[in-house]
Amino acid sequence: MSGHATNLRLKLPAICFLLQLFTIILFAVFVRYDQETSARLWHEELSHHNKSNRDNDFYFRYPSFQDVHTMIFIGFGFLMTFLKRYGFGSVAFNFLIAAFAIQWSTLIQGFFHSFHDGKIHIGIESMINADFCSGAVLISFGAVLGKTSPIQLLLMALFEVTLFGINEYILLSVIGAKDAGGSMTIHTFGAYFGLMVSRVLYRPQLDKSRQREGSVYHSDLFAMIGTIYLWLFWPSFNSAITAHGDDQQRTVMNTYFSLAASTLATFAMSALINGEGKLDMVHIQNAALAGGVMVGTSGEMMLTPFGAMIAGFLAGLLSTLGFKFLTPILDFRLKIQDTCGVHNLHGMPGVLGALLGALVAALATQDVYGDGMADVFPLIADGSRTATYQGICQLFALLITLGFAVVGGSLVGAALKIRSLGSPPDTQCFNDQIYWEVNP
Amino acid sequence: MSGHATNLRLKLPAICFLLQLFTIILFAVFVRYDQETSARLWHEELSHHNKSNRDNDFYFRYPSFQDVHTMIFIGFGFLMTFLKRYGFGSVAFNFLIAAFAIQWSTLIQGFFHSFHDGKIHIGIESMINADFCSGAVLISFGAVLGKTSPIQLLLMALFEVTLFGINEYILLSVIGAKDAGGSMTIHTFGAYFGLMVSRVLYRPQLDKSRQREGSVYHSDLFAMIGTIYLWLFWPSFNSAITAHGDDQQRTVMNTYFSLAASTLATFAMSALINGEGKLDMVHIQNAALAGGVMVGTSGEMMLTPFGAMIAGFLAGLLSTLGFKFLTPILDFRLKIQDTCGVHNLHGMPGVLGALLGALVAALATQDVYGDGMADVFPLIADGSRTATYQGICQLFALLITLGFAVVGGSLVGAALKIRSLGSPPDTQCFNDQIYWEVNP
Amino acid sequence: MSGHATNLRLKLPAICFLLQLFTIILFAVFVRYDQETSARLWHEELSHHNKSNRDNDFYFRYPSFQDVHTMIFIGFGFLMTFLKRYGFGSVAFNFLIAAFAIQWSTLIQGFFHSFHDGKIHIGIESMINADFCSGAVLISFGAVLGKTSPIQLLLMALFEVTLFGINEYILLSVIGAKDAGGSMTIHTFGAYFGLMVSRVLYRPQLDKSRQREGSVYHSDLFAMIGTIYLWLFWPSFNSAITAHGDDQQRTVMNTYFSLAASTLATFAMSALINGEGKLDMVHIQNAALAGGVMVGTSGEMMLTPFGAMIAGFLAGLLSTLGFKFLTPILDFRLKIQDTCGVHNLHGMPGVLGALLGALVAALATQDVYGDGMADVFPLIADGSRTATYQGICQLFALLITLGFAVVGGSLVGAALKIRSLGSPPDTQCFNDQIYWEVNP
């Protein structure tokens with residue numbers, strides 16, 4: 001590839017303008033305020049249904065939304081600044097593709113979930129779901145970080161959001177699986193999709209850029225801003241769209257304890273597997289978060305606090321081991337160059353979290369859930385399926401997700417191989433200077 | 001100016017003590033807890049008016065308040081750390097002047113808006129408004145960053161907060177204009193006030209410090225912390241004091257989509273206008289936020305999601321163009337040295353936001369707003385003015401704001417020229433070492 | 001000590017696994033969801049007590065919880081990154097010990113406060129209290145920062161959390177003292193406990209590491225992230241567990257104004273006491289926060305806004321003076337090496353805050369509090385004690401806290417002297433390389 005091919009002067013404006021204008025037109029045609037957001041409709045609710053402003057879903061979900069929003073833009077963005085010379089690309093391309101993905105996913109998810117009378121009706125919950133969907137894209141971004149142009153990333157977002165929406169619709173609406181925190185829909189899907197893209201875009205000559213693939217002292221501290229914010233707000237992530245009341249509180253608590261346990265497991269394992277008994281910031285930055293992924297499906301269920309701890313503890317252990325033992329195998333055997341190790345943080349814990357969710361669902365009893373069953377497992381509560389069958393549906397949902405991710409990632413990866421998309425040459429990966437004005 | 005004049009040993013303590021003690025005395029004489037904050041009064045509300053604790057305004061507004069608070073102290077503070085050797089001054093003087101401004105504006109705004117029976121009564125909404133007012137001061141700070149002493153900044157805050165309060169009172173209470181997110185009262189006022197101060201304090205010899213006016217790699221990353229937090233929480237900023245229910249939710253949504261569209265516009269334009277097709281962090285750090293300023297007035301109105309996107313898209317385009325083409329004109333032709341480019345981020349988008357607000361107000365119909373009209377346009381709802389007249393009032397409000405800002409900024413700038421206020425010499429601008437103990 | 005003794009390869013995993021597994025077992029035996037977190041129990045509440053989901057305590061406290069959570073993990077963690085080569089240890093050991101402490105304190109506090117029918121029942125309030133307790137441990141961490149191994153820190157957390165729980169139980173449940181923001185239970189206890197540990201672990205040869213005890217330019221900016229977040233969210237900290245309604249709002253307001261005034265006092269005093277009239281980032285990073293500690297006890301009371309300002313102003317002055325004049329005395333006369341100056345930020349302002357709380361309690365009258373007396377001083381409201389007696393109880397609570405902290409810290413410090421706990425040699429204090437893989 002010639003250096004000239006990475007010049008974004010016309011290509012990036014062209015794709016940004018095109019995507020943005022196309023999105024605006026679709027919004028103009030299809031998207032409307034929902035009944036809690038529209039001045040007229042909400043005031044009709046107030047007067048006809050004896051509601052008060054306090055019942056507006058905004059007050060149940062806005063604090064959680066802002067925590068999720070922070071995770072997407074600060075959490076993911078800064079987590080990836082660990083690379084010594086790719087801080088601009090990490091935080092700013094994260095910003096760009098998430099800003100596009102939240103718009104596009106509002107359309108895609110809207111068509112599947114809130115399309116009535118020819119219009120998509122949106123409110124606070126659709127904003128949370130849009131942020132969730134962009135989270136999946138950012139996970140995939142982690143797998144290809146430093147090796148792709150912003151044009152490739154925008155196209156990846158375009159296709160991935162679309163597939164995400166289809167997969168999510170099948171899981172939640174067709175199969176009736178539960179996955180409030182997205183162990184399957186977000187983490188498993190985003191990770192394996194990204195890993196397949198990375199596989200297809202395999203660079204045999206990446207060694208020419210390896211000297212920039214590490215961190216420096218202060219880039220590791222910037223990355224810790226991302227890590228800690230992800231860790232802090234993960235309880236909000238998993239609970240943001242669960243049912244009001246006990247469900248939100250329980251999901252928060254399960255996630256809180258799962259994360260705490262995965263943190264201790266990560267420190268323990270990091271010291272153990274390193275030849276000199278020293279800790280490694282890569283593990284702390286990533287594996288300590290595996291506890292949040294692990295309870296993404298089961299967090300709203302009656303997992304119990306100690307159950308959450310065991311889950312988080314195992315997730316932290318396995319995720320740290322993954323960085324040590326699996327990442328090299330992926331890289332050298334499977335030809336999957338996973339810059340951020342998303343397989344360890346999102347892929348493996350996502351699959352485990354899906355399996356845990358299936359198990360906990362299969363164990364659900366009326367005795368434990370009481371009238372709360374209707375919120376967590378409506379299809380069990382109304383008698384249309386048994387707990388065991390719910391568990392089987394959860395397993396099936398995992399398989400479908402893996403299928404969509406692997407096939408979708410492969411196809412999209414192939415599309416991104418088109419030469420004119422501004423991909424960096426092998427000698428210029430992980431280097432901000434190729435796309436950014438950088439002061440010395 | 002001699003170097004000695006910048007020694008703050010006696011001057012800074014003197015002004016801090018004076019301002020703080022004077023403020024405390026005024027608080028002691030005038031400021032009281034309002035009926036939702038006082039133990040006795042709130043419990044009278046509970047028993048006499050059949051209220052519950054849930055109705056306390058605290059629960060409707062505190063999450064938004066904390067987001068605004070984060071924008072003021074983290075957002076503005078870190079955004080300005082982009083300068084290579086002015087990080088301490090950026091984040092810490094931001095801290096100092098905002099800590100004073102929130103106290104002083106509680107008094108000034110209190111006299112105009114909640115003065116009853118000889119006392120100012122304060123609660124969560126006055127805290128939000130105090131933070132808003134300090135936002136205007138921090139915008140002005142951006143125009144004079146690195147060229148002023150903390151003493152000058154405190155005096156600027158003292159006068160600017162006072163004028164802000166008068167202007168806001170005229171706009172909201174006399175004219176009946178709407179401006180919940182402050183396109184006029186905060187952004188237009190703060191920007192043109194600061195630009196006029198900068199004009200009056202023009203330094204023909206500033207070239208002697210230009211070598212410190214740029215960024216280094218990590219200072220740009222610190223600045224991105226500020227940018228992203230401003231971007232994330234701008235929906236809370238615009239909605240923090242709108243009416244409960246649909247108004248808060250709608251304002252959040254409009255701001256969310258406006259910001260997303262302005263981000264894509266900024267990336268597109270940044271690549272386009274740069275000779276080598278590379279992106280410029282200055283644009284990303286600033287122009288991506290213009291969408292939030294742009295819908296400050298109209299965000300609470302029935303702008304529609306696609307209307308918000310169009311607004312944000314244009315704001316991002318124009319703001320980026322401003323950095324490329326207007327900032328040099330301001331600097332070399334108009335003798336306005338605008339360190340942070342506040343004209344591009346706050347000035348121009350503020351004026352455009354005010355015009356958009358006037359337009360959307362003039363288009364308001366009973367059909368679209370229903371009973372919600374009383375919350376957004378109470379004077380239209382009660383029949384005392386037409387939508388067209390409301391639009392004209394909005395335009396008039398913009399003109400008054402520009403007048404207050406330009407005249408006020410000129411006068412305050414003149415007052416800040418007094419030699420003994422510790423201003424740095426032309427050779428020592430943008431340099432922390434002049435006011436700070438700095439380790440090598 | 002030999003270099004080998006700091007190798008953590010087996011010791012750190014051993015203690016992490018042991019503590020985590022022991023905690024999980026105790027959780028399995030004792031810890032259950034409370035009635036607002038359990039699916040069955042909350043739905044029984046809903047149907048039997050005519051409640052709505054809106055009454056779930058989650059919606060009153062979760063935003064405050066997340067602010068507190070941010071203070072513990074971002075605030076404390078980054079505040080301590082000011083050291084030039086101890087950023088990893090600061091933010092990551094903070095992470096480790098807080099992740100353990102929140103689990104352990106859930107058990108300890110649960111036994112004392114929510115143990116019914118042989119089980120501990122937990123919900124959002126116990127999560128806030130667990131975070132509070134970990135805050136005390138992190139204050140102590142500040143006193144020994146850079147001079148202790150993670151193994152020592154985990155053991156310190158184990159013992160300190162236990163003593164914290166006993167002291168807190170005596171104060172709140174036996175004596176009936178009030179301390180919602182923890183001037184006594186958290187700040188005084190954490191500071192003097194840590195100072196005594198530091199005293200017992202005194203290193204006469206610490207000069208060998210003094211060249212690493214300072215900051216560099218960017219480490220001071222990282223520390224400001226911690227400072228500003230602590231400052232921003234301190235109103236949430238002090239109000240997180242106060243009664244619903246006016247109490248939460250009033251506590252927020254008092255803390256807000258106290259912090260603003262302590263900020264001006266800090267800047268004033270910093271310029272005044274420095275020979276060259278320059279400001280010192282150490283003061284800004286720490287003393288500006290003293291206003292939050294100062295109103296920890298009295299913040300929920302009818303302190304009045306100007307009373308809060310006077311309190312914060314004095315706290316800022318004294319705390320800054322402490323850094324200049326007391327820290328050297330502690331170091332060279334009392335052999336207390338206080339790395340972060342916790343005596344100035346938490347110790348002294350904590351004691352003053354306790355005294356202020358006693359004074360304001362003693363001045364409580366029915367006229368001022370009305371029916372709100374029952375929320376703030378239930379024992380005065382029900383006639384079982386006078387305001388004066390409440391004030392005396394507050395003083396007594398301070399003495400007990402100091403006793404527990406001094407005796408407990410001494411004993412725990414002695415326990416931590418065991419040679420095999422991986423403590424760094426005198427030449428390797430404040431150095432990340434001893435416990436971390438560090439890229440050059």
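How much area is buried between chain B and chain A, and what percentage of it do carbon and sulfur atoms give? In this predicted model, the area buried between chain B and chain A is about 6400 Å², and carbon and sulfur atoms give 71% of that area.

Figure 1. The contact takes 73 residues from chain A and 70 residues from chain B. Between these two chains the count of salt bridges is zero, whereas 32 residue pairs are in polar contact, both residues being at pLDDT 80 or more. On the side of chain B that touches chain A, the elements giving two or more residues are α3 (58-79), α8 (217-239), α9 (246-273), α10 (281-286), α12 (305-332) and α14 (366-369) of chain B, and α9(B) gives the most, with 18 residues.

**Figure 2. Close-up of the contact between chain B and chain C.** Here 73 residues from chain B meet 69 residues from chain C, and the buried area is about 6300 Å², of which carbon and sulfur atoms give 72%. Tyr33(B), Arg54(B) and Phe95(B) together supply 12% of the area that chain B buries against chain C, which is more than any other three residues supply. No salt bridges are counted between chain B and chain C, but 31 residue pairs are in polar contact across the interface, with both residues at pLDDT 80 or more. At least two residues of the side of chain B that touches chain C come from each of α1 (11-30), β1 (31-33), α2 (39-48), α3, α4 (87-113), α5 (124-144) and α8 of chain B; the largest share, 12 residues, comes from α4(B).

**Figure 3. Close-up of the aromatic pair Phe93(A) and Tyr435(A).** The structure holds 96 aromatic pairs over all chains. In this one, the ring centres of Phe93(A) and Tyr435(A) are 6.0 Å apart and the planes stand at 65 degrees, so the pair is edge-to-face. Phe93(A) belongs to helix α4 (residues 87-113) of chain A and Tyr435(A) to the segment after α17 (387-415) of chain A, so that the pair links distant parts of the chain, 342 residues apart. Both residues, Phe93(A) and Tyr435(A), are buried. They are part of one aromatic cluster whose members include Phe73(A), Trp436(A), Tyr217(B), Trp231(B) and Phe267(B).

**Figure 4. Close-up of Arg54(A) and two aromatic rings.** Arg54(A) lies over the face of Tyr59(A), at 5.1 Å from the ring centre, and the charged end of Arg54(A) also sits over the ring of Phe60(B), 3.7 Å from the centre of that ring.

**Figure 5. Close-up of salt bridges within the chains.** Over all chains the structure holds 32 salt bridges. In chain B, Asp426(B) and Arg203(B) meet through their side chains in a salt bridge (2.6 Å, N to O); Asp426(B) lies in the segment after α17 (387-415) and Arg203(B) in the loop between α7 (183-200) and α8 of chain B, so the pair ties together parts that are 223 residues apart in sequence. Arg203(B) counts as buried, at 8% relative accessibility. A salt bridge also joins the side chains of Arg61(B) and Asp57(B) (3.2 Å, N to O), and both of these residues are buried. In chain C, the closest N and O atoms of the salt bridge between Asp246(C) and Arg250(C) are 2.9 Å apart; both residues lie in helix α9 (residues 246-273) of chain C, four residues apart, about one turn of the helix.

Key:
Residues numbered from 1 in each chain as written. Chains lettered and ligands numbered in written order. Heavy atoms only, no water. Phe/Tyr/Trp six-rings, centres within 6.5 Å; stacked < 30°, edge-to-face > 60°. Buried < 20%, exposed > 50% of the residue type's maximum accessible area, 1.4 Å probe, protein only. Lys NZ or Arg CZ within 6 Å of the ring centre and 35° of its normal. Contact = heavy atoms within 4.5 Å. Buried area = accessible area lost by both parts, 1.4 Å probe. Salt bridge = Lys/Arg side-chain N within 4 Å of Asp/Glu carboxyl O. Polar contact = N/O pair within 3.5 Å; in protein donor to acceptor, adjacent residues only side chain to side chain.
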